[in-house]
Amino acid sequence: MGKCKQPKEPAPSEILASLAAYLSFGNTLEDDDLLRLSLEIGVGMMNADEGSLLLLDRVKEELEFMMTLGSKESGKELKGQRFSIHHGITGLAASTGEPQTGSPSYHGIKQPDRAEGSRREPTAVLAAPMLVDDEVVGVITAVSFQEGKTFSSGDVRLYCKFANLCGNVIRQRLREATVRNILLGDTVPEGAIPEIQRVLASQGLVPSDRAIAEIAANLGRLSSGRDDVLPICSALVNNIVLLAKELGWKAKS
Amino acid sequence: MITAGTELRIINPALTIDWLTANSTGKGVQVAVIDSGIDASHPALRGKVKRACVVHDRGEGRIECEDIPGEESYDSFGHGSGVAGIITDIARDVELVSVKMLGENNTGSGAALIAGLRWALDQKIKLINMSLATSKKKFVPDLMELCDQAYVQDAILVVSKRNFGDLGYPAMFSSVISVDAEAFENKFGITHYPKSMIEYGARGENVEVVQLNGSYGLSSGTSFAAPHVTGIVALLLGIFPEIGTYQVKSILDSFAGYR
């Protein structure tokens, strides 16, 4: 009598790993909602009219509009657009890691010749780099069309702090998503990876994060179907960590 | 207590900003601007860029400086032109030397910054403006060595601090003249911070600056404060071409408080 092939059921350890991954990294806020919320707070803080959040594709040296706030028309046009970091005030902020301010251009040095702010031309622009560990991950802008509006140095400092907060939140999203993928065996199809993660993937994952995630994933695979092996693997990892500490290796967390 | 600055005033009470602006235009002084380039075709800068070099990052650690004629000098962002315009607004007869290390062909990396500074020092340029800074510690040894070299060879480096976060390098080195932004109306306004690593403050808020395509605009930040000091130093060098960083700092101390 032929042996009946049973569908392979996930081992308890696999289910536990998946659950842990979900509980640890499952986001309740969609990427777009997170970006919109961040931008709304930033633009509100600056008493600006519009704003945008761009992420840096380090490989292509380009910035991509991920979220815009203000005119719905311009938002639709801009989202997903890319441009070189070697041009413009936003590119300069990304290239230097320094905040940049701008105003409308005028062609005479005399004040009366200056172009007046209108709905077509902003009166003040502020571009603050989003820095994580002193590396630029993107740029967040605030744009005003109010007559006579300028961004003070206090505004610049505050927006820089906010930009860094945004950068860290976004970067953490990438880390969580990548670690989750590794834990679950990189099962997410290429086409299903959100744009935000695809762009940020060019910036790479902190090596220690990847190492830790891979250790955890390999543990799951090693113990698959053999729950009695899990404590042995766990002890092995503890030994590795202890040894690493003895050798002076410092984990980030 | 008599500081170096007050001492100089005692020696020469006539050495004031008013006297300086009346007697110097910075004629004969070469000023290197290490930045995103200078737009030599801008009406405000036409004929003022005497030399230019473009720092190319060829990858794999290969960085080269390519000389181009001054009249062909260009700017990727307008940042360097803004800086240059402030310098020539204060010292109208200086000769500008553009060292382009930011924008296309170079990534504005710390390595490009170092290569640009090294080139400027090799050319024996007396006055160098760097409205750029890096926070990356791996560049500190090379930058410090070059700034020390500049001090020893009597080249004067005027640098801006970072706008946000740490002060940045080379602004933290004592071998340079470091500048923060102040909300002064007067372009000759200067503040001395005797107990700070950043020693001077100059106009840096809502400054009218040269922009690309023959235009002008308003900009703020430490980047535009440093060239105000560079312009004043150029005026000094127009009269006292031999002075070095130490003497310049003493004189700037005596100018502090000018509004």
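In chain A of this predicted model, A:Glu61 sits in the loop that joins strand S1 (50-57) to strand S2 (62-69). The backbone there is worth a look: phi of A:Glu61 is near 55 degrees, a positive value in a residue that is not glycine. With a relative accessible area of 27%, A:Glu61 is partly exposed.

B:Asn206 lies in the loop between strand S11 (200-203) and strand S12 (207-210) of chain B, and B:Asn206 has a positive phi of about 50 degrees although it is not a glycine.

| Residue | Phi | Relative accessible area |
|---|---|---|
| A:Glu61 | near 55 degrees | 27% |

Another backbone detail in chain B is a cis peptide bond, running from B:Tyr169 to B:Pro170 with omega near 10 degrees. You will find B:Pro170 in the loop between strand S8 (156-160) and strand S9 (177-182) of chain B.

Now to a helix. Helix H3 (residues 79-90) of chain B has twelve residues, so at 1.5 Å a residue it should span 16 Å; the C-alpha atoms at its ends are 17 Å apart, which agrees. H3(B) is mostly covered, with eleven of its twelve residues buried. Among the buried ones are B:His79, B:Val83, B:Ile86, B:Ile87 and B:Ile90.

Finally, the two chains meet. Chain B brings 30 residues to the contact and chain A brings 35 residues. Between them about 2,500 Å² is buried, and carbon and sulfur atoms give 50% of that area. On the chain B side, B:Phe77, B:Phe164 and B:Tyr216 supply 27% of the area that chain B buries against chain A, more than any other three residues.

What polar and charged links cross this interface? Nine residue pairs are in polar contact, both partners being at pLDDT 80 or more, and there are two salt bridges. One of the salt bridges pairs A:Glu98 with B:Arg162, whose closest N and O atoms are 3.5 Å apart. On the side of chain B that touches chain A, strand S5 (102-103), strand S6 (106-107) and strand S13 (216-219) each supply at least two residues. S13(B) gives the largest share, four residues. Sorted by class, that side of chain B has six nonpolar, 17 polar and seven charged residues.

Technical notes. Residues numbered from 1 in each chain as written. Chains lettered and ligands numbered in written order. Predicted model: local features only at pLDDT ≥ 70, side-chain atom pairs only at ≥ 80, totals over all residues. Heavy atoms only, no water. Contact = heavy atoms within 4.5 Å. Buried area = accessible area lost by both parts, 1.4 Å probe. Salt bridge = Lys/Arg side-chain N within 4 Å of Asp/Glu carboxyl O. Polar contact = N/O pair within 3.5 Å; in protein donor to acceptor, adjacent residues only side chain to side chain. Nonpolar A, V, L, I, M, F, W, Y, C, P; charged D, E, K, R; others polar. Expected span 1.5 Å × (residues − 1). Buried < 20%, exposed > 50% of the residue type's maximum accessible area, 1.4 Å probe, protein only.
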